Amino acid sequence: MASEYSNSLKTHYFEPRVDITNRIVEFRVDYGGNMYLPSMRIVGLGFTSVGANCKSVPVLGQYSHIRNIRLMDGGVELGNLREASRYLSFQSQLNDNMSNLCVNSVLARNRVGYLLEDFSSVQHPPLDKFAATAANSEKAGSEILTAADGVRDAYLELKKVFPILGQLPALDTGVFKQLKILIEYNMDVRMNCEGPVKLGGVAPAAPNGTEVTALNSKPPTLIADEVTDDRIKDSLRRQLASGQYVYDEIEHDQFDVEPAAGAVATAVAATANTTNVVEQTTDAVINAFDQHVVSRMVMMKAYRNKDEAFHPVIGGGAAANGKSNLAKGNGNYNSLYQLDEKLQIRVNGSNLFSGEGIVGEPQKAHLLSHAWGTLNVMPFTNRGGVGLEDPNARAVNTEGVPNNDGRGMNGATPVTGTDANSQSDFVGNSNYIGFSIEDRVARMQFTYKRALCHDLGGFGDLNRALTVHLFAEVRKMIQMNGGAYKIAYM
C-alpha cells in the first residue's frame, strides 16, 4: 500500500460545477476510464455568519448546514443521506473520547471529546487551548466568523455518508460514466449556531451580543485519488467486473409526538398537581422501511418548534436573562430526555421487545451500547438531571459533571440571572434510543409513551411537541456485470 500511495496515485482537486450560495453545490468527477479510489473527501466545508461572530453547534461543527447529500451516476442514485446533519450529529459521537478529542473534533470543527478540567467539571477544551494568549484560546477553533477563514473549514470523508464507498474497491468512470456529488444546504440560523438568534420576532439584548441574522455557505472542494498504475487499474477493474457488494444504506423517517393539550394540559398545570403525572401514548406506523432488511436503528427526539431549542426572552431585562436567545446544549440537534419513557415496536405483527418494551434508562443505555458501541457523551447528558438535584436550582454537585459555560459569547458563565446557577444545558440532551432489528420488515409500528408532568419552570420542556427522527441501516447490494451494474434492496 505504501508503494501504491507514493507511486501509483494522482490526487485531483475538483471545484464545484454548480455552486448556488446557501442552496446547493454539485461536483462532477472526470470520466473516460479514470479509476478513483473510494477515499473521496470534501475539504473547505463551512459557512460564515452575518451580523456577528458566533459558535457552531457543539456536536456538529461545520457539518450542520448539510441537509441532504447524494452520490449519483447520471440519474441513478448510488447513495443518499437525508437529514444528513442530524445523523452526523449522532455519528460524530460514535468513537472513543481521545480519537474525538485529538482528531475528529479538529476535522469537523466540533466540540466532541472531553476533559476533566482544573476546576473539576467536564467540558470540551478550546481547540487552541495552548495558545500563547488568552484571546486565541477561547474555543476559537470552532467559531463561525463573519469573513471567510480557511482555518475554520471542515473536512468530511465521504465514506461517512455513503456506505457504498466502504465496500467498493474503486470507482471506475468507465462504468460510472456520470459520477457526481450533490449537497443541499440548510442555512437556518437556528440549525447552525448557538446564537444569539431572533426568537418570535424578539432580537437578543445585552449581555448576549449582536444577533446572528444569516449564514452564508462557502464553496468547498472535492478531493479524489486517481489510480495511475496500469497494473493496479487492471486488477481493480477485474474485481469490479463481476463483484457483488453488500452495504447498509442510512435511511430516515420520522413521526410526531403531540404536546400536552386540553384537559391533560389543565391537569398537569394545576397548582395542586405537583407530583402526579399523566401518561401519553403515541402510536405511529412507519412505512419507509417496508420490504427492506433493517439492521440497526437510532431514535432522536427533537423539538418540533425550532425556537424551543433556545432560551426564551422571559422579560425583566438582561439581569433575568443570562442565556436568552442562546441555544440549549446542542440546540436543535439535542435528543431530549423525556420523563418515564417506554417504547415498544411491533415488527411483522410481533413485539420486538419483551414485556412493555424498553423501560428505564439502564435498559435504554444497554441496548444503545449493544447496537452502536461506544457513544462519547459527557456524564449525565443522557439523564434528566445530575443525580436527584433540581435542574432549575443552584447546582450542588459541580465535580465530574458538564460545565455550565453559560452560552455567553465569550464562553464565560453569565454573571447575571438564575441561568448562572442552573445545571449545564447539555444535561438531558443526549438521550438517544438505539437497538438492533436484523429482520426483513413488512410492517413496523411504534408505540411510544412518556409522562407529562407539572409545567413549572424548565419542566415545561418535558411536555412539548416533539419530532422523533428515525435512522436505520437498510441492506442494499450492488451487482457488477462487466460494464454494467444493478443496485437493489435485499
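Q: What makes the charged end of arginine 296 count as sitting over the ring of tryptophan 372?
A: The charged end of arginine 296 is 4.0 Å from the centre of that ring, and a charge sits over a ring if NZ of Lys or CZ of Arg is within 6 Å of the ring centre and within 35 degrees of the ring normal. This is a predicted model, in which local features need pLDDT of at least 70, side-chain atom pairs count only at pLDDT 80 or more, and totals for chains, interfaces and linings use all residues. Residues are numbered from 1 along each chain as its sequence is written, and side-chain values use heavy atoms, with hydrogens and water left out.

Q: Why is the pair of phenylalanine 255 and phenylalanine 446 called tilted?
A: Ring centres within 6.5 Å make a pair, with planes under 30 degrees apart called stacked, over 60 edge-to-face and the rest tilted; here the centres are 5.9 Å apart and the planes at 45°, so the pair is tilted.

Q: Why is phenylalanine 446 called buried?
A: Buried means under 20% relative accessible area, exposed over 50% and partly exposed in between, with a 1.4 Å probe and protein chains only; phenylalanine 446 is at 0%, so it counts as buried.

Q: Why is cysteine 102 called partly exposed?
A: Its relative accessibility is 47%, so cysteine 102 counts as partly exposed.

Conventions. Phe/Tyr/Trp six-rings, centres within 6.5 Å; stacked < 30°, edge-to-face > 60°.
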